[in-house]
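Please read the following report alongside the sequence and the coordinates. It takes up one part of the chain at a time.

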Amino acid sequence: MAQDNILVIGAAGQLGTELVAGLQDIYGEAHVVASDVRDPDERRKQLFPLFEKLDVLNPKALAEVIQKHKITQVYHLAAMLSATGEKHPKHAWQLNMQGLLNVLDAAIEFNIAKVYWPSSIAVFGPTTPRQNTPQHCSMEPTTVYGISKQAGENWCQYYFNRWGVDVRSLRYPGLIGYKSMPGGGTTDYAVEIYHKALFQKHFVCFLKEDTYLPMMYMEDAVRATLELMHADAGKIKVRTSYNLHGMSFCPREIAASIQKHIPDFTIEYQPDFRQAIADSWPQSIDDSAARQDWGWQPAYDLDRMTEVMLANIKAGMEKGEIV
């Protein structure tokens, strides 16, 4: 059987940086092509031995990269996230929607075996049940990011049903990792807070102290993605996007978890426009479909994540590895 060659679009982002490493472990560095619209920084040049500068809105350039590297799987991560998208709504729609359609069209043209595209809890809205949000429910997203993700889910299902494109998706909660700084999402306070706790002992939070949101440690998110993509196609029953859940907490609780390690850490609350976005999202997610269909099970809770985050940020800064 021929070796798979993987293209990761949007590889320089928070998720992409770690997903590339996970794919390299499975397929080997020579078979994982990282791409982004910008050239990589010095750290990522080391992490991405195979790199292509690529704008996913340019279908010709996308086709050239796919042909050059004989790509068989595409992980399409490039997107403008919720908070940034509200500042640039039409550009966010263009990037998030047309980028996906370009990838799906390329999957047909070049007979790509599998496509991965992430969705988000942003597809949900104020009419969605906020506790244990079910796989199938009312969705009235209030952000352009959520609108684009909801539309994208339906396009993925359409391409699967009409043309047989094996496209798979997860609705990520807020993702928390230590290897890179956040990229403009509403849940990003839960990454920044660890950095501020270690180096400034104080954090100003843009959400209210009792704002519960679904979250997940990055290692779990990467593992979930790879488990989904390596599951037998017959087990994939959801062709829009699977609900995915790790844990739920509020800023007050994550601060308390940090204070177990850094007792003099303090936090204050200055809610901004992101509060309204957070208030429109679920507080916890029912991911029973993912558990039943392909065996999903999270490994991290809040306190375990806090311990690992603080230890790795401190070690990474000392080694110059945090990017």
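## Helix α1 and residue Q24

Q24 lies in helix α1, which covers residues 14–27. The model described here is a predicted one, and in it Q24 has a relative accessibility of 12%, so this residue counts as buried, the limit for that class being under 20%. When neighbours within four places in sequence are set aside, the residues in contact with Q24 are E29, V32, L47 and P49.

## The six-stranded sheet

Six strands form an open sheet in the order β3-β2-β1-β4-β5-β7, and their pairing is parallel. The edges are taken by β3 (51–53) and β7 (167–168), each of which pairs on one side only.

## The three-stranded sheet

A second open sheet is built from three strands in the order β6-β8-β12, again with parallel pairing. Strands β6 (119–120) and β12 (242–243) stand at its edges and have a single partner strand each, so one side of each is left without a neighbour in the sheet.

Strand β8, residues 170–172, runs parallel to β12 and is joined to it by two bridges, with R171 having N243 of β12 as its bridge partner. Helix α8, residues 218–230, packs on this sheet and touches both β8 and β12, its direction making about 175° with that of β8.

## Salt bridges

Side chains of opposite charge can pair when their charged atoms come close. A search of the whole structure finds 14 salt bridges, among them one in which the side chains of E153 and R171 meet at 2.8 Å, N to O. Because E153 lies in helix α6 and R171 in strand β8, this pair ties together parts that are 18 residues apart in sequence. Both E153 and R171 are buried, and R171 is also the residue whose bridge partner in β12 is N243.

Another salt bridge brings together the side chains of D166 and R239, at 2.7 Å, N to O. This pair links distant parts of the chain, since D166 is in the loop between α6 and β7 while R239 is in the loop between α8 and β12, 73 residues apart. D166 is buried, and R239 is buried as well.

Within helix α8, the side chains of R223 and D220 meet in a salt bridge of 2.9 Å, N to O. The two residues are three apart in that helix, which means that about one helical turn separates R223 from D220. R223 is partly exposed, with a relative accessible area of 27%, whereas D220, at 1% relative accessibility, counts as buried. Elsewhere, salt bridges that share partners join D166, R168 and R239 into one network.

## A nonpolar surface patch

Which residues make the nonpolar surface patch of about 380 Å²? The patch is made by I108, W155, Y158 and W163. Helix α6, residues 144–163, supplies the largest share, with three residues.

W163 is found in helix α6, and its relative accessibility of 42% is the reason why this residue counts as partly exposed. Helix α6 is also where E153 lies, the residue paired with R171 of strand β8.

How values were computed. Residues numbered from 1 in each chain as written. Predicted model: local features only at pLDDT ≥ 70, side-chain atom pairs only at ≥ 80, totals over all residues. Heavy atoms only, no water. Patch = residues over 30% accessible without salt bridge, like charges linked within 9 Å, V, L, I, M, F, W, Y side chains within 5 Å. Areas by Shrake-Rupley, 256 points an atom, 1.4 Å probe, with all protein chains shown as cover. Salt bridge = Lys/Arg side-chain N within 4 Å of Asp/Glu carboxyl O. Helix = DSSP H or I, 4+ residues; strand = E, 2+ residues; numbered from the N terminus. Buried < 20%, exposed > 50% of the residue type's maximum accessible area, 1.4 Å probe, protein only. Pairing = 2+ DSSP bridges. Contact = heavy atoms within 4.5 Å. Axes fitted to C-alpha atoms, helices over the stretch in contact; angles between N-to-C directions.
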